[in-house]
Amino acid sequence: MVKIAVIPGDGIGKEVMTEALKVLEYLQRDDSSLQIDTTIFPWSSDYYVQHGRMMPKDALTILKSYDAILFGAIGDARVPDDVTVWEFIMPIRKQFQQYVNFRPVKSLKGVASPLTNGKDIDMVIFRENTEGEYSNSGGHIYQHQPQEMAIQNTIMTRLGVEKIVQAACSYASQYGKSKITSATKSNAIIHAMKFWDEHTKNIVAQATPTLTLESIYIDALVAYFVERPQDFQVVVASNLFGDILSDLGSAIVGGLGLSPSANVNPEKEFPSMFEPVHGSAPDIAGKGIANPIAQIWSLALLLGHIGRPDAEKRVVRAIEAVLQEGAVKTADIGGQATTSQMGDAICQALVNKKHTARGV
Ligand code: ATP
């Protein structure tokens, strides 16, 4: 029995998680080999308001006994953003050494994108997830005085750079990709980014001989993502650059409501965490109109991670079938369906596609 910890979190996180769990229930109903047990944890901003902390002191010990974590979103006007991030997401990513943030960016039939030019976009972004620019090293001194100052350090370790680039290379060779694109800015960030470039080059050189590396300055790379997104296959980036590139990646294939992500500990020493790229979307929370696809796709990535690529493919095909048919669309992709109607349509497509999707 695989044990999954489910943390819906805040805002639309709760709404889209209901749909992902519905999909899981459908899958399990007609596939008895999918033995998954879920436990829902209420850790969120509501929990913070009641208990003065985002999650209990022993939360990581509790989570460690699970095989994977399915997470919704966190963010609420009652709690400062740095608290929700640094007391919740960062401890999980860092303590569980989820150093790979894996974000697929794929154009989907039935979803309009102004940038596809008739060609398919199909890339993955490997974002370093545990160090880099998102570090709590630094300080803020002389508050409210003229000499007030803040220092924020970027932490790059050789091991950290090597591990994320290795993960990108393994993916490239497993899926027959010929090129790795590295996001850099070593002309201006001369210590950390030169270090990034040097170790990236070494690791790619040690990988498959047919794999080529292109290093592109981040300012040019964002422009290329818009001008010729079809040219990218596997993109590897530091924490900050990867974060920005993956939101841009979501936008060019149809929006945040469609984009899943995985925070992976490849060694499987700790549980990995699967979550949509989007946040709690306070502007639409409570209205029942959020697109649940990013959350359901994140569930699919989780299924692949726990050794059920067949179930992963089945869910992704059901999503693609609903989008391609186009009868059920949420507002973000030009329709009027509710969150729950989109979830139901995907469940229905799962049942319809059952026989064709098996065994792939
Ligand atoms: P947070 O502070 O939690 O990060 P945010 O509003 O800054 O929230 P997102 O939640 O990522 O950031 O939302 C950005 C925009 O994308 C919002 O306008 C939101 O409504 C929209 N959006 C995000 N997720 C979805 C979704 N699943 N379906 C529809 N629209 C979405």
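Here is a short tour of the domains, the interface between them and the ligand site.

Keep in mind that this is a predicted model, where local features need pLDDT of at least 70 and side-chain atom pairs count only at pLDDT 80 or more, while totals for chains, interfaces and linings use all residues. Numbering runs from 1 along each chain as its sequence is written, and side-chain values use heavy atoms, with hydrogens and water left out.

The protein splits into domain 1 (1-100 + 267-360) and domain 2 (113-253), with bounds taken from an automatic or database domain assignment. Their centres, taken over C-alpha atoms, sit 25 Å apart.

So what does the interface look like? Nine residues of domain 1 are in contact with 14 residues of domain 2, contact being heavy atoms within 4.5 Å. The two domains bury about 1000 Å² between them, 58% of it on carbon and sulfur atoms; buried area is the accessible area (1.4 Å probe) that two parts lose on being put together, summed over both. Four residue pairs, both at pLDDT 80 or more, are in polar contact between the domains (N or O atoms within 3.5 Å; within protein, one must be able to donate a hydrogen and the other to accept it, and residues adjacent in sequence count only if both atoms are side-chain atoms).

Now for the ligand. A polar side-chain atom of His-278 lies 3.4 Å from a ligand nitrogen atom.
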